[in-house]
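Colleague: Please take a close look at one part for me: the place where the two chains meet. What holds there, and what does each side contribute?

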Amino acid sequence: MFNVMAKKFDGLIDFPILSMKYRTLVTKKFLNRKKYEVPNMKHVKSYIPGTVIKVMAKRGKKLKKGDTMLILEAMKMRNKIIMPFDGKIKVVHVKAGEMIPKDFLMVEIE
Amino acid sequence: MSLKKSILDLRKRKERVQKGGGDKAIEKQVAMGKLTARERIQALCDKDSFTEYDLFVEHEARDFGMDKKELHGDGVIIGTGTIYGSPVCLFAQDFTVAGGSLGLMHARKITKIMDHALKMRVPLIGINDSGGARIQEGVNSLAGYGEIFYRNTLASGVIPQISVILGPCAGGAVYSPALTDFVFVVDNISKMFITGPSVIKTVLGEDISMEDLGGARVHAETTGNAHFFAKSEQECFDQIKKLITYIPWNNRQKARSFPPKPPKFKGKIEDLIPSDPRQPYDIRDVIKAVVDDSDFFEIQELWAPNIVIGFGRLNGETVGFVANQPLVLAGVLDVDSSDKAARFIRFCDAFNVPIVTLEDMPGYLPGVDQEHAGVIRHGAKILYAYSEATVPKITVILRKAYGGGYIAMNSRHLGADFMMAWPTAEIAVMGPEGAANIIFKKEIELAENPDEMRKKKVEEYKKKFANPYVAAAKGYIDAVIEPSETRKLLLHAIEVSANKGVTRPDKKHGIPPF
């Protein structure tokens, strides 16, 4: 029971910490962690899951910073999704009535 | 009525009420694979030790036709009993009575037994199996929850509080267990969440099963809300009983002493550990090699397994172990493992349990996800908990003790009483490779053969600094010891520190980075 030298562990990997690599197991949570992506300011994503109520933005339409692009209802609140800067709408990925998850790409700006 | 008759009348009344929600509801409970509230209490307490209070309490709700409803005991059983002779106060929600829903009198019974536990300074055990607030009783239900949370908080650090989730425990109800010290869950039976799958589906459009959202395994593995996971109710009760043997009745006492037993482990402790600091081993084998009877009672085994916490005995006395686990994620500190260790350290400190720290770790886990999840704030909890603790604090460094991790794992600098290191300990600001790369950057770059130069410099650094002697020379380490001496010296440290006294500045309370 205590003969550890003979103990073999399945699933060991090389795990780098600074300049060293350690033989170890990793957890499910670690494997499922979200990889970081540099945010693209031209991609407007939902910050909360919800239902699209109304879409004002149209493909090719020029909008000013602060203009409302669409209304996203979440947690019984109607949230205005506004233009982050002056620009032209490239693609609108959502329709009124559509239920979308968090981090869903709603609008692309040119 | 004659005395004889009135006794018979009492028996009849008792029998009727003790049936809870009646045969049909009990059948349903059994069909769900669950024991009844009464069976649970019997399974947990010493034989014939349970004394029930408030059996004849009735609810006072009058709205929505409630005045015509009879709810036996108002859906909860309270009372006192013993576990291996130790007194406990307990309540068990009875799902067969109105789904164990919490109304005003139900809550009053719970708060009554909580007040009793706090007054008598004995542990409180709450068995949760409830559909939640009794909607018909409106704000009275909410008041009930609030009064329970308030008492959980007052009792925190005074008496041990144990929550057992044996059915649904949803919405506000989850916060009582969350405020208690140990939460027990059983596979396929326990369900805990703030908002259930149907609400999540309607509001957010996310589809998830109850089990995947808040089943026992999720809380034992992913959220860390649960401390003990069992496959059956019986296994769960055995775990609770075992826990009771390790903890004191209250914060003014010590845990019960047991007859000392040598470890079952008979080999050489140094054989448990590979000499290459990059190779893993199971730290629990080292704990088992030093504790009485090789009996280690692990807590939160499945969550954040890169740190190991739990109780064992040294010379018959309870100690809390906090140990890096090189087998998982190389034993790093991260958000979850810091939370896990910090809370356990605070439990040990509150209840007079000495803490033994076994250290072998390369530092904090690097990564954007960790930084953004607040590893600074969470990592600080472990520093706070160790520094704050005034119980005897003993550290043994087995291999790696690098950088911030060295400081965090109960270093001398945070107030450790005994600092021991094996000769294999490497106490340094970082691993030899990293350090040599920085210190000898120029020499390495300018060398004809940089790789060879790097190797040479790493070796040089290893020899000079990757050992316990630099720290020992400053008195940061009290003793460099042979691994085979570990148990003997731990026993000695516990013996010497039996009357440890520390004075701290007066304050209302500290402000740990919650």
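Modeller: A salt bridge here is a side-chain nitrogen of Lys or Arg within 4 Å of a carboxyl oxygen of Asp or Glu. By that rule, there are two salt bridges between chain B and chain A. Keep in mind that this is a predicted model. One salt bridge links Glu221(B) to Lys28(A), with 3.0 Å between the closest N and O atoms.

Which elements of chain B touch chain A? Those giving two or more residues are α7 (197-204), α9 (216-223), α11 (283-290), α13 (368-372), β14 (393-402) and α16 (432-439) of chain B. By residue class, the side of chain B that touches chain A has 22 nonpolar, eight polar and 12 charged residues.

Now the extent. Chain B brings 42 residues to the contact, and chain A brings 28. About 2900 Å² is buried between chain B and chain A. Carbon and sulfur atoms give 70% of that area. On chain B, Arg278(B), Leu327(B) and Leu329(B) stand out: they supply 19% of the area that chain B buries against chain A, more than any other three residues.

A word on chain A itself. Its strands β7, β6, β4 and β9 form an open sheet in that order, with antiparallel pairing. β7 (77-82) and β9 (99-100) of chain A are the edge strands; each has a single partner strand, so one side of each lacks a neighbour in the sheet. Strand β6 (residues 68-74) of chain A is joined to β7(A) by six bridges. Within this pairing, Glu73(A) has Arg78(A) in β7(A) as its bridge partner.

Notes: Residues are numbered from 1 along each chain as its sequence is written. Chains are lettered from A and ligands numbered from 1 in the order in which they are written. This is a predicted model: local features need pLDDT of at least 70, side-chain atom pairs count only at pLDDT 80 or more; totals for chains, interfaces and linings use all residues. Side-chain values use heavy atoms; hydrogens and water are left out. Two strands pair if DSSP finds at least two bridges between them. Helices (H or I, at least four residues) and strands (E, at least two) are DSSP runs, numbered from the N terminus. Contact means heavy atoms within 4.5 Å. Buried area is the accessible area (1.4 Å probe) that two parts lose on being put together, summed over both. Ala, Val, Leu, Ile, Met, Phe, Trp, Tyr, Cys and Pro count as nonpolar, Asp, Glu, Lys and Arg as charged, and the others, Gly among them, as polar.
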